[in-house]
Amino acid sequence: GAYYVAGYAVEFALKVKIIAELMKSNTYPSRTQADAFYKHDLAVLLRAAGLEAELAAAAQPLQDEWRTVTGWSERSRYTAGRTE
């Protein structure tokens, strides 16, 4: 369960960053941008949050952890640990 919820915590943190950036810019997202916000794809959310360059410049351990996180999915709770 913790594995599952941790993925959502990362997702929600990225969505908070996206909303904060939109509020600073006082703009309304395009339809394409808004559609991206409703997905569980962390790579898409990272891009929408404007954090790709920051992650690329981050220390290697953080980049390694990000690769682990992006392997998670909303279905992971049901498949983690199985050897099917």
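Predicted model: local features only at pLDDT ≥ 70, side-chain atom pairs only at ≥ 80, totals over all residues.
1. An α-helix has 3.6 residues a turn, so residues three or four places apart point the same way.

2. Helix α1 runs over residues 2-25. Its 24 residues span 35 Å from the first C-alpha to the last, close to the 34 Å expected at 1.5 Å a residue. Just after the helix comes asparagine 26, with a positive phi of about 55 degrees.

3. Where does the side chain of lysine 15 reach? It meets the backbone oxygen of phenylalanine 37 at 2.9 Å. Leaving aside residues up to four places away in sequence, lysine 15 touches Phe37, Tyr38, Lys39 and Leu45.

4. The largest nonpolar core holds 13 residues, and Leu14, Leu42, Leu46 and Trp66 touch the most other members. Two or more residues each come from α1, α2 (31-37), α3 (42-48) and α5 (60-70). The largest share, four residues, is that of α3. In soluble globular proteins, nonpolar side chains tend to be buried together.

5. With residues up to four places away in sequence left out, leucine 42 is in contact with Val10, Glu11, Leu14, Trp66, Val69 and Thr70. Among these contacts, Leu14 and Trp66 are also listed with Leu42 as core residues that touch the most other members.

How values were computed
Residues numbered from 1 in each chain as written. Heavy atoms only, no water. Polar contact = N/O pair within 3.5 Å; in protein donor to acceptor, adjacent residues only side chain to side chain. Contact = heavy atoms within 4.5 Å. Core = buried A, V, L, I, M, F, W, Y, C linked by side-chain atoms within 4.5 Å. Buried < 20%, exposed > 50% of the residue type's maximum accessible area, 1.4 Å probe, protein only. Expected span 1.5 Å × (residues − 1).
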